[in-house]
Amino acid sequence: MPRAIAQSAALLAIGVLLAVVGSARAATNKSGTIYADETWNLAGSPYVLTGNVTVAAGVTLTIAEGVVVQGNHSLRTLTVNGTLSAVGSSSQPITFTSTTDTAPAQWLGIVFGAGSSGTLKYVNARFGGGG
């Protein structure tokens, strides 16, 4: 009986380890201009702005609930010339922050150009204002 318990415990430990490793996500690097409608979903999160990102006029960037968007430099911006739809929920807000997420002015922020539009609900924006 003790051997069966030890085997069960070992299998449980392996299962927990695989669940933790399987839940780890690699970052999705983004830079440049988005020329076609695009959705940033939880599976690709966090999205790291490794260069400035621009949503072109007539294009919609949709950010799904729970997604984290990170700027990696004090001058990093997400510029919207089209449409930004960032609608989170109370249990899964969308977060815009820096890659270090520790202090103000670590990325610049979101800029809406003339004629652009956006919907931001249940969104946390922190540590912007760099430059």
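This is a predicted model: local features need pLDDT of at least 70, side-chain atom pairs count only at pLDDT 80 or more; totals for chains, interfaces and linings use all residues.
**Overall figures**

- Of the 131 residues in the protein, 31% are buried.
- The protein exposes about 7200 Å², and carbon and sulfur atoms supply 58% of that area.
- Among contacts with a separation of 6 or more, 55% are between residues 24 or more positions apart.

**Strand pairing**

- Strand S2 runs parallel to strand S4 (residues 60–63), to which 3 bridges join it, and Trp-40 has Ile-63 in S4 as its bridge partner.
- Strand S3 (47–55) pairs with strand S1 (residues 28–34) in the parallel sense over 6 bridges, and within this pairing the bridge partner of Gly-32 is Val-53 in S3.
- Strand S3 is also joined by 3 bridges to strand S5 (residues 68–71), again running parallel, and here Leu-49 has Gly-71 in S5 as its bridge partner.
- With strand S6 (residues 77–80), S3 pairs in the parallel sense over 3 bridges, and the bridge partner of Thr-54 in S6 is Thr-79.

**The largest nonpolar core**

- As a general background, nonpolar side chains in soluble globular proteins tend to be buried together.
- The largest nonpolar core here has 19 residues, of which Trp-40, Leu-61, Ile-63, Leu-78 and Phe-96 touch the most other members.
- At least two residues of this core come from each of S3, S4, S6, strand S7 (83–87) and S8, and the largest share, 4 residues, is supplied by S3.
- Beyond the residues up to four places away in sequence, Phe-96 touches Ile-63, Val-69, Leu-78, Ala-86, Trp-107, Ile-110, Val-123, Asn-124, Ala-125 and Arg-126.

**Aromatic pairs**

- A search of the whole structure finds 2 aromatic pairs; in one of them, the ring centres of Trp-40 and Tyr-47 are 4.8 Å apart and the planes are at 10 degrees, so the pair is stacked.
- Both partners of that pair are buried, since a residue counts as buried under 20% relative accessible area: Trp-40 has a relative accessibility of 1%, and Tyr-47 has a relative accessible area of 6%.
- Phe-96 and Trp-107 also form a stacked aromatic pair, with 6.5 Å from centre to centre and 15 degrees between the planes.
- This second pair links distant parts of the chain, because Phe-96 is in strand S8 whereas Trp-107 is in the loop between S8 and S9, 11 residues apart.
- Phe-96 counts as buried at 0% relative accessibility, and Trp-107 likewise counts as buried at 3%.

- When neighbours within four places in sequence are left aside, Gln-70 is in contact with Pro-46, Tyr-47, Val-48, Leu-49, Thr-97, Ser-98 and Thr-99.

**Backbone details**

- In general, most residues other than glycine have a negative phi, and most peptide bonds are trans.
- The peptide bond from Ser-45 to Pro-46 is cis, with omega near 5 degrees, and Pro-46 is placed in the loop between S2 and strand S3.
- Ala-105, a residue other than glycine, has a positive phi near 70 degrees; Ala-105 lies in the loop between strand S8 (94–98) and strand S9 (109–112), and counts as partly exposed at 35% relative accessibility.
- Phe-127 is not a glycine either, yet has a positive phi of about 60 degrees; Phe-127 is found in the segment after strand S11 (123–125), and counts as partly exposed at 23% relative accessibility.

Notes
Residues are numbered from 1 along each chain as its sequence is written. Side-chain values use heavy atoms; hydrogens and water are left out. Two strands pair if DSSP finds at least two bridges between them. Buried means under 20% relative accessible area, exposed over 50%, partly exposed in between (1.4 Å probe, protein chains only). Contact means heavy atoms within 4.5 Å. A nonpolar core is a set of buried Ala, Val, Leu, Ile, Met, Phe, Trp, Tyr and Cys residues joined through side-chain atoms within 4.5 Å. Accessible areas come from the Shrake-Rupley method with a 1.4 Å probe; for residues, only the protein chains shown count as cover. Rings of Phe, Tyr and Trp (its six-membered ring) pair if their centres lie within 6.5 Å; planes under 30 degrees apart count as stacked, over 60 as edge-to-face and the rest as tilted.
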